[in-house]
Amino acid sequence: MANWGKITRRTLLIGSAAIAGGVAFGVWQYRRELPNPLDPAEGQATLNPWILIDQQGVTLIAARAEMGQGVYTTLPALVAEELDVAWDDVRVMHGPAAQAYYNGALMSHGLPINDYERTGFHETMIEAMTVLPKMIGLQVTGGSTSTIDAFEKLRMAGATARETLKMAAAERLNMPLGALGTRDGRVIAPGGIEMTYGDLAAQAAQIDPPRRVALKPPADWRYLGRSMPRTDTIAKSTGTAEFGIDVRLPGMKFASLRRNPRLGGGMRRYDDSAARAMPGVEQVVDLGDGVAVVASNTWLAMQAVDAIDIDWDDAPYPATSDALMGVIRAALDAAPNSTLRDDGEIDALEIAPEDRVIEAEYTVPWLAHATMEPMNATALYTGDRLEIWAGSQAPGFAEQRAAEATDLDADQVTCHVTYLGGGFGRRGETDFVVLAARVARAMEGTPVQLTWSREEDMRHDFYRPAAAARMRGVLRGGFASALEGRVAAPSVTRQSLQRMAGISPGGPDKGHVEGMFNQPYAIPNYRVTGHLADLDVPVGFWRAVGNSFNGFFMESFMDEMALAARRDPLAFRLDLARREHAPSAGVLEAVAEMSGWTGQTPDGVGRGVAMTYSFHTAVAVVVEVSDRDGAVAIDRAWMACDVGTALDPGIIEAQMSGGLIWGLSAAAMQEISFAGGEVEQWNFPDFDALRLHNSPEVEVRILETQHHLGGVGEPSVPPSMPALANAVYDLTGERIRDLPLSRRVRFVL
């Protein structure tokens, strides 16, 4: 990938005036609130947090990690649209860790409200809550928020820069500003006069940017609202894209590690004599709860670290999956941590003789992120400086934690962000960076790349927690009159924030019950409580977070209620959604039309439907399965999403499809289990995923009826799991209430 060093070598520069003053465009310079994070060396030109202009063209900064979700295309398109540059001339680089690149939209998930029914007051509160990420420089890629955060911010940056360049041209030509226009990186003046942005940039740097600029109306968009050529396609297709594991530095050494497989346990003793005897092994580093070996190549380091005889301490949690689930289930009987929805009179509801009451309990297992690119980071420690190269979703936190681990100040540490070969929340953690920094300190002056084996990665993740739910519903006249859900699991929010920011917030944990308490169904008596289970198994943000298990609980139970009421499952949901939230009803209507839903399936075929509103986007899914000689084949899937404004339909379709496959894989076959305190899964053979040959044909429809922008990276995950479970029920007649489904049925592999 591009980085600042490469950009500067490519020459950019604009001149001494620009170097001294900084050519400043962008919304933050425009508001003059946050400093320019770029710090060019002598002879280099810096433009602002978002836009660099040189004599060769324009480089746009994408300060979110590119892990396949398309931010290196959509974010630059937001700037390019308003700046008015030719798409073929756009170059992209990742910005450094900096306060200017904070993600204010992350806090949009923080309000304990039903996201689908935002009021003006809610919008004001969400805007006010951006103060915290701004103050702490919360530069995090996650929560399906990259585009939501950037939508206005980056367009304003481009528009402000464009108008400033026009002001510079007006001065030079002594023409009124209104006589000037822009096109493809040039200011256009009457009489056939054209000036490139590069020619004007130094002069523009001396001008105060306008404080108010108008953004283009959607009718005038050239790039937004259409599928743009991805800026990372060529590099990824030719193998020239630089992922973390591709980093190579002069004199570099390679390391691997082994840590206590009983997570959180220590290390009593170890004998590394066999490893040290291997030619090419340079050092064994004591990590406290494990060891790392530094060698001349990664394979040798992995072989050597496996040769070390280690005596481990026990785990600080119950030793088996059943015992762990016992703790989680017991939390359902304890006092709740939250009651974020309590409509109607659940406790006082009188049950009439003709009412139907149903109850069910569901469970889901622990899950790993299983990033395709093994976890890795490269570090160079020189005594007073630390440089890190890593595919990080949170480079600012990575710098802070690495500084603490090496007794440096944060401003002595620099994290260079590479492409990510899979993140899904795993690379928002900082452990892999911190461990690389510690190994590098033991090899002062030598760059070291620390690579986890797949087995070490699988067995030392921050897992999606196992969870349990106890559901109760009352059916009256064919409709859902009451729904009560209790959800128990360890708290991802508390554990993750403790690691990231050193705080463990009290109060209601919204993330624990999201996907159940905030669903757009007009159920008059509707209560959801969250019950935190205190376990020391490390848990973290996994794609769709709490929605990933609550979507399964909620939509499986909705199916059970519909069938108990002798109603069509899709029509049952649609009745409730129409009275509560029109866009959610719209996605259900869309998948009904797309799939030709009749509620009837022939023998040997099953269909299931589910709908979840998460990350500000409603997604409905219909999955079709069939019997193939006793095995279940996942044949087809129809999906509709309402994202408000579809900035890049091609990327949205790819994200929705990817999330669907991710969710179907988890529902069908994935599980992390424990025995003797250790994770039992080691690699993809025992933590498999759908492949091309057994994935369904997928059709996606994008709707744009809701008033705000919705996320696209995660919201197709939650409904995919119950849609599959409901389809399996339709096929087999067996209601499966615990995932993965492969415990009960055999899938086509």
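A salt bridge is defined here as a side-chain nitrogen of Lys or Arg within 4 Å of a carboxyl oxygen of Asp or Glu. The model shown is predicted, so local features need pLDDT of at least 70 and side-chain atom pairs count only at pLDDT 80 or more, whereas totals for chains, interfaces and linings use all residues. Residues are numbered from 1 along each chain as its sequence is written, and side-chain values use heavy atoms, with hydrogens and water left out.

**Figure 1. Overview of the chain.** The secondary structure comprises 22 helices and 26 strands; helices (H or I, at least four residues) and strands (E, at least two) are DSSP runs numbered from the N terminus. The C-alpha atoms fill a box of roughly 85 × 70 × 50 Å along the principal axes. The radius of gyration of the chain is 27 Å, in agreement with the value near 27 Å for a compact globule of 749 residues; this radius is taken over C-alpha atoms, and the globule rule is 2.2 Å times the number of residues to the power 0.38. Of the 749 residues, 62% count as buried (buried means under 20% relative accessible area, exposed over 50%, and partly exposed in between, with a 1.4 Å probe and protein chains only). Among contacts (heavy atoms within 4.5 Å) with a separation of 6 or more, 78% are between residues 24 or more positions apart.

**Figure 2. The salt bridge between D461 and R426.** The closest N and O atoms of this pair are 3.2 Å apart. D461 belongs to the loop between helix 15 (454-458) and strand 18 (467-476), and R426 to the loop between strand 16 (413-417) and helix 14 (431-441), so the bridge links distant parts of the chain, 35 residues apart. D461 is buried, with a relative accessible area of 2%, and R426 is buried as well, at 1%.

**Figure 3. The salt bridge between E484 and R527.** The side chains of E484 and R527 meet at 3.0 Å, N to O. Because E484 lies in strand 19 (residues 479-489) and R527 in strand 20 (residues 525-532), the pair ties together parts that are 43 residues apart in sequence. E484 is buried at 12% relative accessibility, and R527 is buried with a relative accessible area of 12%.

Figure 4. D688 and R691 meet through their side chains at 2.7 Å, N to O. D688 is partly exposed, with a relative accessible area of 22%, and R691 is partly exposed at 43%. Elsewhere, salt bridges join E671, E734, D738, R743 and R744 in a network. The count of salt bridges comes to 54.

**Figure 5. The cis peptide bond at P740.** L739 and P740 are joined by a cis peptide bond, with omega about 0°. P740 lies in the segment after helix 22 (717-732).

Figure 6. N174, a residue other than glycine, has a positive phi near 55°. This residue is located in the loop between helix 7 (146-173) and strand 4 (181-183), and N174 is exposed, with a relative accessible area of 71%. V545, which is not a glycine, has a positive phi of about 50°. V545 is placed in helix 18 (residues 545-564) and is buried, with a relative accessible area of 15%.
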